[in-house]
Amino acid sequence: MNNQRPPSSRRLGRAAIVVLALLAAMGAITFVGMNIWHATEVAEEEATGDTGATEHTPPNYVDHNDVPEHDPGVPKDLTQSDQTQP
């Protein structure tokens, strides 16, 4: 026969708080760890020049000096200067 009493509500509350605190700590440690890992990866890519950018990767900025001037011999709808820039 089982002579043990069920745990009190105070003890159950403390156990729930401990479990939630552990889960929150694990989440925070994971978040910080992933940020540190990402920062080191970005630093390594910048140091080696291997940023994953290809000829299909758009530039991070738009240099309006690269847009050609309109040539009067070419219809306006065929020039890049009429197109919207990314």
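Here is our chat about it.

Modeller: This is a predicted model, where local features need pLDDT of at least 70, side-chain atom pairs count only at pLDDT 80 or more, and totals for chains, interfaces and linings use all residues. Residues are numbered from 1 along each chain as its sequence is written, and side-chain values use heavy atoms, with hydrogens and water left out.

Biologist: How many helices and strands are there in the protein?

Modeller: We take DSSP runs, H or I of at least four residues for helices and E of at least two for strands, numbered from the N terminus. That gives zero strands and one helix.

Biologist: Which residue just after α1 takes a positive phi?

Modeller: Look just past the end of the helix. The phi there is about 80°, and the residue is Gly-49.

Biologist: What share of the 86 residues counts as buried?

Modeller: Buried means under 20% relative accessible area, exposed over 50%, and partly exposed in between (1.4 Å probe, protein chains only). Of the 86 residues, the buried share is 1%.

Biologist: Is Glu-44 buried or partly exposed?

Modeller: Glu-44 lies in helix α1. Its relative accessible area is 47%, so Glu-44 counts as partly exposed.
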